[in-house]
There are 2 protein chains.
Amino acid sequence: MLVNAVTVYVKPEHIADFIAASMENHAGSRQESGNFRFDVLQSSDDPARFLLYEVFASQAAVEEHRKTAHYLAWKTKVEPWMAKPREPRWHTIVAPTDPASW
Amino acid sequence: MLVNAVTVYVKPEHIADFIAASMENHAGSRQESGNFRFDVLQSSDDPARFLLYEVFASQAAVEEHRKTAHYLAWKTKVEPWMAKPREPRWHTIVAPTDPASW
């Protein structure tokens, strides 16, 4: 399993647009058999900073995600709304070790 | 609900110690009624960088967490093992909106 914690900096005038597009991407991503979580969070300090917390079964599941209509639609829509390039951070899991906890 | 995504930079010689202590803190935290997740992740790029993904029901639940024996034991143990101060980042939740998803 792999976890991508992606920080996204959004132009202030597009915060509402970004939230709407990311909720759609969340809903689609959670239908993927290889996706375990797709949490969309907004910073408490800076409403223009978001964190996407994406948990996948494997690298193959990540590749499948990148081919989906919902991901491609999200990417195309939100890229012009970003204040700077998004910052992905990939992780492996230390805990919880039980797959049922994901 | 509140989510704290905490980045921790660990001295390389204490990575194994940090993992062991954080697994104990994970296990204790998940017993708290106000805790929904306590994921411990290790960076794929830098084995000395960790992300703690902590989800709480409320600010009161966070205050309760900070009084627990497992949190206080973790804090005392790991502070000397950190290469620099940890970086907490607090968030509110955009998605999933269903509390049962947490």
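Start by selecting the contact between the two chains: 22 residues come from chain B and 22 residues from chain A, where two residues are in contact if their C-beta atoms, placed from the backbone, lie within 7 Å. What you have open is a predicted model, in which local features need pLDDT of at least 70, side-chain atom pairs count only at pLDDT 80 or more, and totals for chains, interfaces and linings use all residues. Residues are numbered from 1 along each chain as its sequence is written, with chains lettered from A and ligands numbered from 1 in the order in which they are written.

Now colour the chain B side. β1 (2-9), α1 (15-29), β2 (35-43), β3 (49-56) and β4 (90-95) of chain B each give two or more residues to the side that touches chain A; helices (H or I, at least four residues) and strands (E, at least two) are DSSP runs, numbered from the N terminus. β4(B) gives the most, with six residues.

Next, pick strand β4 (residues 90-95) of chain A along with β2(B). Four bridges join these antiparallel strands; strands pair if DSSP finds at least two bridges between them. Zoom in on A:H91 and you'll find B:S43 of β2(B) opposite.

Then hop to α1(B) and helix α3 (residues 69-78) of chain B. Their axes, lines fitted to C-alpha atoms over the stretch in contact, come within 9 Å and cross at roughly 165 degrees, with angles run from 0 to 180 degrees between N-to-C directions. That makes α1(B) roughly antiparallel to α3(B), a label for angles over 145 degrees. To see who meets whom, show residues including B:F18 and B:A21 in α1(B), and B:Y71 and B:W74 in α3(B).

Technical notes. Parallel < 35°, antiparallel > 145°, perpendicular 65-115°, else oblique.
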